[in-house]
Amino acid sequence: MKVCVVGTGYVGLVAGTCFAEYGNEVICIDKDEKKISDLKQGIIPIYEPGLSELVERNHKEGRLKFTTSLKEGVETSEFVFIAVGTPTSDNGSADLRFVFAVAEEVGKTMNGYKIIVDKSTVPVGTADQVKAIVAKNTKHPFDVVSNPEFLKEGAAIEDFMRPERVVIGAESELAAKKMSELYSPFVLNGNPIITMSIRSAELTKYACNAFLATKISFVNEIANLCDAVGANYDDVRKGMGTDSRIGRQFLYAGIGYGGSCFPKDVRALLRTAEEVKAPMHIIQSVEDVNEKQKTRLTDKIFEHFKSTDMKGKTFGIWGLSFKPGTDDMREAPSIPLIYELHKNGAKIQVFDPASMETSKYYFDGKVEYKKDAYSALQGADAMLLLTEWREFREPDFNKIKSLLKSPLVFDGRNQYKPTLMNELGFTYYSIGNR
């Protein structure tokens with residue numbers, strides 16, 4: 001099948017590449033000439049395990065092309081996926097300017113029937129607006145479909161190739177049938193393609209992310225309570241996770257969620273609810289708890305040193321990205337923590353396996369970047385673990401002790417066992433564990 005994907009960000013590039021991997025002819029479009037030039041040379045703008053190899057192979061074999069010409073992509077394709085950014089606006093709603101601009105251009109360049117797919121995460125009712133914009137700019141027939149993505153950064157290729165489910169929101173039987181045909185090779189394992197109304201599909205994405213964010217904020221509050229009453233959250237988590245009604249996923253306490261999806265989608269859902277006068281008190285609490293949780297480790301640092309004055313103190317930080325497996329820094333808990341320490345006079349040495357470059361937008365001039373994890377600890381008063389990269393899980397603790405001024409560790413992701421850390425002679429702080 002012939003597919004064009006407008007937008008070569010995280011969702012667009014992964015989707016286009018995976019469609020090409022399954023034999024479709026795909027054109028990825030972006031107005032950023034440098035990004036397109038880089039992609040043609042195999043230079044990938046994002047860090048995602050396995051993506052670079054897939055892009056290189058499919059581009060070399062001619063199934064995956066890159067261009068700045070939206071006209072070329074639309075005219076030669078039957079499916080037009082809109083996968084541009086929908087950042088949070090000042091009032092918390094999703095900014096749809098890029099989606100609507102693409103819709104207008106698609107309408108102007110159509111040369112026959114097209115299936116226009118909203119792949120970007122968009123509020124309920126967006127497809128209606130896209131439909132109206134396209135109709136204003138073309139006389140050709142078309143259908144608008146909602147096809148939300150459910151990709152986890154760091155595991156996006158696997159998620160797209162073997163989806164737990166594919167959600168298709170469509171009004172016409174023809175569009176639903178053709179979308180099902182496009183996705184059928186991806187669900188040979190028997191996982192469902194779920195067809196529903198467009199508005200239901202638009203809401204499904206937000207509902208999923210808001211629920212997962214709720215689990216994270218809930219367990220963070222339980223972990224904070226564990227700190228207060230002397231319980232051990234790791235034990236509580238195991239007791240909760242073995243309940244089949246709850247499940248084990250998303251029960252890991254820490255310093256809050258971040259990234260491109262949960263914060264943005266929670267706020268957009270709250271804004272939608274506000275606009276239709278259907279307030280969501282639980283979801284508002286999820287947002288509030290998460291923002292407070294990002295300061296949890298900073299509070300523990302200030303309590304340990306019995307001061308907020310960090311002048312003369314050096315902190316070695318492992319991990320900057322919002323989660324392992326990605327270089328994404330959007331809404332990362334490391335940002336407010338580092339800002340607060342820097343504001344209070346601390347010297348900060350950092351290492352992250354993937355996000356050193358992307359983090360410079362936030363931290364340039366505030367931190368000292370180190371070549372490896374252990375270099376970041378040299379001469380530091382304490383080690384801070386902020387992102388649970390695999391390479392940080394079984395470190396050389398004796399080496400850590402030899403590099404630090406004192407054996408002091410603040411673990412924002414509960415990676416290490418308190419009993420082991422105490423046996424090794426560390427003063428160890430985590431979230432809810434003791």
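Trainee: In this predicted model, what makes the charged end of Arg165 sit over the ring of Phe150?

Mentor: The charged end of Arg165 is 3.7 Å from the ring centre of Phe150. The distance cut-off is within 6 Å.

Trainee: Which ring does Lys401 lie over?

Mentor: Lys401 lies over the face of Phe426, 5.9 Å from the ring centre. That distance is also within 6 Å.

Trainee: Why is the pair of Tyr339 and Phe363 called edge-to-face?

Mentor: Their planes are 85 degrees apart, and edge-to-face means over 60. The centres lie 6.2 Å apart, against a limit of 6.5 Å. Tyr339 is in helix 14 and Phe363 in helix 15, so the pair ties together parts 24 residues apart in sequence.

Trainee: Why is the pair of Tyr362 and Phe363 called tilted?

Mentor: Their planes meet at 55 degrees. Stacked needs under 30 and edge-to-face over 60, so this pair is tilted.

Trainee: Is Tyr339 buried, exposed or partly exposed?

Mentor: Tyr339 has 34% relative accessibility, so it counts as partly exposed. Phe363, at 0%, is buried.

Trainee: Why is Cys261 called buried?

Mentor: Its relative accessible area is 18%. Buried means under 20%, so Cys261 qualifies. The "active site" annotation in an unreviewed UniProt entry covers Cys261. Cys261 is in the loop between helix 10 and helix 11.

Conventions. Residues numbered from 1 in each chain as written. Predicted model: local features only at pLDDT ≥ 70, side-chain atom pairs only at ≥ 80, totals over all residues. Heavy atoms only, no water. UniProt positions renumbered as here; feature names shortened; annotations may be inferred. Helix = DSSP H or I, 4+ residues; strand = E, 2+ residues; numbered from the N terminus. Buried < 20%, exposed > 50% of the residue type's maximum accessible area, 1.4 Å probe, protein only. Phe/Tyr/Trp six-rings, centres within 6.5 Å; stacked < 30°, edge-to-face > 60°. Lys NZ or Arg CZ within 6 Å of the ring centre and 35° of its normal.
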